[in-house]
Amino acid sequence: MNDLDLLTAITVFVLSVLVGVEVISKVPATLHTPLMSGSNSVHGIVVIGAMLIAAESHTWLGYVLAFVAMVFGGMNVVGGYAVTDRMLEMFRARPPETPKNEKAEV
Amino acid sequence: MDTVSNAVHYVFLATAVCFVLGLHLMNHPRTARRGNALSAGGMAVAIAATVWLVIHEGSITTTGWLVLVSGGLVGAALGLYAAREVKMTAMPQLVSVFNAVGGGAAALIAVNDLLQADDAAALGARVSLPGALDIVIGAVTFSGSLIAAGKLQGVVSGAPVVFPGARLLNVLLPASFVAGTVWLVLSPDSRTALYGLTAVALLFGVTMVLPIGGADMPVVIALLNAFTGSAVAMAGFVLDETALIIAGMLVSSSGGILTKLMADAMNRSVLNIVVGGFGTGDGAPAATGADGAPAQVRPVSADDVAIQLAYAGKVVFVPGYGLAAAQAQHELGDLAKLLTDHGVDVSYAVHPVAGRMPGHMNVLLAEANVPYTQLKEMDEVNPEFPQADVALVVGANDVTNPAARRPGNAISGMPILDVDKAKSVVVIKRSMGHGYAGIDNELYTNPRTGMFFTDAKRGLAELKAAVGEFVG
């Protein structure tokens with residue numbers, strides 16, 4: 001990897017922080033728990049790293065490390081998205097079964 | 001880069017776009033679920049593209065495939081099971097565990113990279129520095145998050161665990177980090193440096209979280225979330241994958257923002273919390289007035305409160321963690337629905353730290369079928385208190401104490417809910433016990449405040465029955 005690539009990587013790093021701050025600041029406090037579990041699943045992208053090391057492994061130690069990383073990463077991705085979806089499904093504008101509902105909003 | 005590798009990296013770029021747009025859609029409950037689905041879709045495409053890349057490169061062994069597929073399936077099954085079965089009150093523990101596995105996986109990637117390098121000694125600082133940081137941050141997050149989850153679950157004592165020499169250890173360990181990191185960066189082929197650094201980092205995660213009290217967990221979880229993101233970004237530097245850098249830093253900024261919000265809402269600095277020894281969560285003896293005599297409070301009965309509620313135009317509920325601890329959120333939701341159907345304007349004032357993680361109380365209320373239009377944030381609801389006929393406080397304490405507006409006490413300057421500005425206040429509470437701050441709550445001795453001394457779950461059920469008689 002040459003210097004330009006490193007510079008690109010650092011540029012991506014810095015810009016990602018700025019984009020993150022900008023986007024996340026707009027999330028209302030009401031949704032902070034789903035935000036956290038949702039961003040948790042985003043860092044599940046680490047599973048891609050786990051796949052890449054599994055592909056390069058050729059020793060037993062390497063296989064074991066790759067296996068554990070795959071288990072961790074897989075759990076992170078699937079569990080994270082599933083539980084976030086389960087939570088967000090509960091956030092409704094009005095109760096599920098309402099016979100008469102005339103509440104003032106905002 | 002060849003064509004396939006190029007194509008795969010364009011897919012990763014699309015995935016990053018999905019992540020950002022997905023997080024952007026989280027800015028409203030109406031669109032949030034779609035945002036999560038978009039983010040998940042991006043992830044699925046990235047994983048598929050990686051499989052393609054691995055096949056194309058062709059260097060993977062049969063055992064490698066076995067490891068990749070079986071590990072992924074086992075992890076996915078565990079994650080899915082946990083996600084389906086977890087109770088909403090246990091959400092902070094689960095998020096902590098996901099922080100742990102994310103950080104752990106990131107650390108393993110760096111460990112593996114340094115072990116597998118054909119000529120590790122020749123690795124430049126370009127790989128060994130992010131590698132060392134990845135191991136340090138990832139391992140600290142892994143053990144620290146597991147301890148945090150243990151504390152939340154009650155497996156590990158929720159009280160700050162302080163042992164002799166703990167402070168000294170917490171100074172020595174970071175010092176050995178710096179030494180270990182420098183050593184590993186200079187000699188990336190040294191196994192002693194690699195294993196030593198990993199061990200020290202794991203140990204530090206434990207000693208960092210153990211002395212932190214249960215009440216400070218919202219901050220700790222958010223902080224560990226930020227750590228995990230950074231560890232994943234470092235793994236991205238090690239592997240030259242910008243997708244990991246982008247995703248990691250998005251998470252890291254999210255964790256950072258939440259950490260700051262939580263610390264501000266608790267009137268503490270992050271450093272102060274991590275240094276620890278506060279927030280034991282133990283109640284103190286009964287309230288006393290300024291002169292030491294028992295403070296005057298006005299006890300009320302279920303019927304008194306029910307009349308007030310039934311004839312109110314606007315009611316604000318103020319739930320705190322005590323509500324969730326008593327598992328009474330469904331009773332509160334039922335009472336609110338009864339009032340709403342009767343034409344009363346009902347809303348919930350949710351303080352940022354009401355719960356065991358950021359936003360926790362909202363999830364608990366949403367589960368009890370409370371519509372999100374009734375969930376109000378602190379800044380949104382505070383101007384509404386003067387119009388409220390009744391403010392009903394259940395399980396919240398320090399965050400309602402008007403003493404915070406004055407200087408010179410434990411909670412001075414803490415942002416609070418302006419409950420005392422309501423026309424009438426009712427507090428459901430078992431006793432006059434103190435909150436985490438350990439000081440008297442001046443709201444309780446306010447002449448407009450009625451104290452309904454009972455257990456939250458039973459009290460709310462009684463209220464619902466009594467209100468039902470008035471409006472039914």
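Biologist: What makes β2 (residues 314-319) and β5 (residues 390-394) of chain B a pair of strands?

Modeller: Two strands pair if DSSP finds at least two bridges between them. Five bridges join β2(B) to β5(B), and the two run parallel. Five against a cut-off of at least two, so they count as a pair. Within this pairing, B:Val318 stands opposite B:Val393 in β5(B). The strand names come from DSSP too: helices (H or I, at least four residues) and strands (E, at least two) are DSSP runs, numbered from the N terminus.

Biologist: Before we go on, what kind of model is this, and how are things numbered?

Modeller: It is a predicted model, in which local features need pLDDT of at least 70, side-chain atom pairs count only at pLDDT 80 or more, and totals for chains, interfaces and linings use all residues. Residues are numbered from 1 along each chain as its sequence is written, while chains are lettered from A and ligands numbered from 1 in the order in which they are written.

Biologist: Which other strands does β2(B) pair with, and how many bridges are there?

Modeller: Four bridges join β2(B) to β3(B), again in parallel, and B:Val316 has B:Ser347 as its bridge partner there. β3(B) is in turn joined to β4(B) by three bridges, also parallel, with B:Val350 opposite B:Glu377.

Biologist: Why are β1 (298-299) and β4 (375-377) of chain B called edge strands?

Modeller: The open sheet of chain B has seven strands in the order β1-β7-β6-β5-β2-β3-β4, with parallel pairing. β1(B) and β4(B) each have a single partner strand, so one side of each has no neighbour in the sheet. Helix α13 (residues 329-341) of chain B packs on this sheet and touches β2, β3 and β5 of chain B. Its direction makes about 170° with that of β2(B).

Biologist: How do you know that β3(B) is largely enclosed?

Modeller: A residue is buried if 20 or more other C-beta atoms lie within 10 Å of its own, exposed if 12 or fewer, and partly exposed in between, with C-beta atoms placed from the backbone. Five of the six residues of β3(B) are buried, so the rest of the structure largely encloses this strand.

Biologist: Is A:His32 buried or exposed, and why?

Modeller: A:His32 has 29 C-beta neighbours inside 10 Å, so it counts as buried. This residue is found in helix α2 of chain A. Leaving aside residues up to four places away in sequence, A:His32 touches A:Val27, B:Leu258, B:Pro358 and B:Gly359. Touching here means that two residues have C-beta atoms, placed from the backbone, within 7 Å.

Biologist: Why is B:Asn369 called partly exposed?

Modeller: There are 19 other C-beta atoms within 10 Å of B:Asn369, so it is partly exposed. B:Asn369 lies in the loop between α14 (360-367) and β4 of chain B, and has a positive phi of about 65° although it is not a glycine. B:Gln327, in the loop between α12 (321-325) and α13 of chain B, also counts as partly exposed, because it has 13 C-beta neighbours inside 10 Å. The phi of B:Gln327 is near 55°, a positive value in a residue other than glycine.

Biologist: What angle do helix α3 (residues 46-56) of chain A and helix α3 (residues 62-85) of chain B make, and what is that called?

Modeller: They pack at about 160°, with axes 8 Å apart. Angles under 35 degrees count as roughly parallel, over 145 as roughly antiparallel, 65 to 115 as roughly perpendicular and the rest as oblique. That makes α3(A) roughly antiparallel to α3(B). The axes are lines fitted to C-alpha atoms, for helices over the stretch in contact, and angles run from 0 to 180 degrees between N-to-C directions.

Biologist: Which residues meet there?

Modeller: A:Met51, A:Ala54 and A:Ala55 meet B:Gly64, B:Val67 and B:Leu68.

Biologist: How many residues of the two chains are in contact?

Modeller: In chain A, 86 residues are in contact with 100 residues of chain B. The largest share of the chain A side, 29 residues, comes from α4(A).
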